Amino acid sequence: MTSLQTPDDVGTAERFSRWADRHRKWLFAGPSIAFTALLLVIPLGWTLYLSFTDAKRSVRRDFDFNGLENYLGVLTDTERFWPSVWRTFAFTAGALTFELILGMVIALLLWKPFRGQGIVRTIVLLPLVATPVAVGMMWRLLFEPNIGFINEMLSWVGIPPQPWLADPSTSLATLTFVDIWQWTPMVALILLAGLTSLSDEPQEAARVDGANGWQRFWYVTVPLMRPVIVAAVLLRGIDALKTFDILYATKGKGGGAFHDAETLNVYAYGLSFDYNEYGIASAVLILFFLIILAVIWVLQMQRKGRES
Amino acid sequence: MKYGSKTVRVIATASIAAVAVGLAGCSSSSEGDGDVADGDLDGTTIRVTLANHVWTETIKELIPEFEKETGAKVEISQLAEDQLSDQYNVKLNAGTDEIDVLMYRPLQENKLFASNGYLADMTDMVKGDEKWDWSDFQAGPASLTTYEDEVVGVPIITERTVLYYRKDLLEAAGLEVPTTLEELDAAAAAIHAQNPDVAGYIGRTGKSAAVTQFSAFLYSFGGDWIGDDGKSTIGSDEARSAYQYYGDLIRNHTSATINPEMSWPEAFAVFQQGKAAFIADADSLYKNMTDPTQSTVSDKVGFAPFPEGAEGSKPYNVAAWALAINETSEKKDAAWQFIKWATSAEQTIAMTKLGVTGARTSAWEDADAIADFPAELVEAIKVNGENGVGHDRPLVFQVSQAREIVGDPIVVAIAGGDVDAAVDSAEKAFDEFLAEDSE
């Protein structure tokens, strides 16, 4: 009978190797957990901390806690904060609605194989691969009221020049259009992936039962696609809420002279980089973060509700 | 859970190790050259951050000479104005030592940066070198790079409002160059009536961007931003008239849609394309008008002193850009060597020859240096220099915010809105801002 080794007899290397074997998942995940903590928790914590202080001009200066003053100031600000909340949602809702409808149409068109499919798909995806800042610059030139191509084109059919981005009443809608132009392909891509993974049987069964094209789409395809559609809404919606690049590239700091394209992101950026109001900017960002969390939570709850 | 606590410990250790590795990666390796003797900068790298400007383009071509003379290596990062500000806000805020020399806008940032402790005190450096001669710098611009009696920057570019005009259009209309704001308005109207596709006057329209150029109108009407008591004076009758005049001047004499967000590049573009008769803007930008590769009217541009208002002709005369040393730089001496070279009398004269409007008196007195300037421009610069006011925006800590507040009535005036109401609310907001800014 061989005597059992007591733990003391085992070499350190052996012990570590056994331990490592048992805790593989933690060991492998450790570095990425630490990395995430470093990149996510620390900045977020610092922002949260700043949001309760009167930090301004420079964070190297002395600053004091001022409790909820920043939050109160921001939440009672009907001149910049609430309008930018409204704009953020108007922009997101407008863009998302059109992107879903158009994305679905494009996905349905590309669903069944046809000649030249490869080329058509590539062309449809082109806006997606363009850099947003370059896209912003490009549309800014196209929409230029006096020398822009869009007004030139309109003049061929006798429509007078429109101010587009230059007019506070049309700029946000114009920017929503640019967002739709750029991001519809992504939604189409997600939906197309969902469509191609659907099996043919339900469609055939519906056809045998005499359902027409629209009925098959509405009562068969859409319900089957629901998880994919929700995923597309989540991905694109969160992204649209956070849009910054095209807004900044076309309208600059403050979202234009009348803040007409100022969303929460642009507002927070202006507070921080233009006004050097770090405390207030942090409060706006934390509120923005909470808003996004709330939106995700609502969407998730809805999904769970439907599933159950 | 025998290993439970150990697991936690290992994860903690791993995290700390990862953090340490990360931080080590982030921190730049310092080259630790400490004190550098004059003229001996062998192997030293000087990091210089510059804005897009004629000055920058010129100095870049000359830098190899400096590198050859001193053995130093100059690394330049060049950015547009807005991006440059953002860069400073991030890097200087974090106490970086990656910037040694910075090009900044004294009117916009001197008070803020100096009070934040971003700028090194250069008093002993500038005053300790008689040959380089600090007293040669014009007093107005030099005072703008001084903060609480400490010299924190060396002005490199000065500018005044000058009136650019189209000689051919004025001649065709049979008009003299306007010397008063009334004449300017009349001339703009007459030229637009003759040439419907030409705007009588074009100017900056962006809320914040327009403030500096509007200042000349404001002062000439007898107004200013802030009174001696530290309170807003933009609600005065003079200021109201100036707002109204500026808005009318841009709005009334054009058939084109007015872009409400123009800074100088957009406004200049209109003039360069021959679509405007007058524009009052910084004289330091004159090359944009006279360079045939940029301007279709390069040979038809005239220059005149700023026209007189009720209180005479009062353009601004300021230091637009200056060089400073980053307080947290580890190579302050090398940085000073660079600044001293870049702002020396010889260099300034060379720059002046290339069309840069510098801050040294000696360069303006050197006939050879200013030989290539359009004679009319030199004359206008001289007159404007004498009449000039030393600021073109409210001199406060948080200038960006102040510009947006006082710029609001400009935008309303250009759009043809209710100027009085806009001024009333701007004045209220400005007073609140001033009370907080001075804290």
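## Where the two chains meet

Let's start at the meeting point: 28 residues of chain A are in contact with 29 residues of chain B. Here, "in contact" means that the C-beta atoms of two residues, placed from the backbone, lie within 7 Å. On the side of chain B that touches chain A, four helices each supply at least two residues: α1 (4-26), α3 (81-91), α4 (106-116) and α17 (399-415). The most comes from α1(B), which gives seven residues. Sorted by class, that side of chain B has 14 polar, ten nonpolar and five charged residues. Nonpolar covers Ala, Val, Leu, Ile, Met, Phe, Trp, Tyr, Cys and Pro, charged covers Asp, Glu, Lys and Arg, and polar is the others, Gly among them.

## How to read the model

This is a predicted model, where local features need pLDDT of at least 70 and side-chain atom pairs count only at pLDDT 80 or more, while totals for chains, interfaces and linings use all residues. Residues are numbered from 1 along each chain as its sequence is written, with chains lettered from A and ligands numbered from 1 in the order in which they are written.

## A look at chain A

Chain A has 13 helices and zero strands. Both are DSSP runs numbered from the N terminus: helices are H or I with at least four residues, strands E with at least two.

So how spread out is chain A? Its radius of gyration is 26 Å, well over the 19 Å that the globule rule gives for 308 residues, so chain A is more spread out than a compact globule. That radius is taken over C-alpha atoms, and the rule is 2.2 Å times the number of residues to the power 0.38. Along its principal axes, the C-alpha trace of chain A spans about 100 × 70 × 35 Å.
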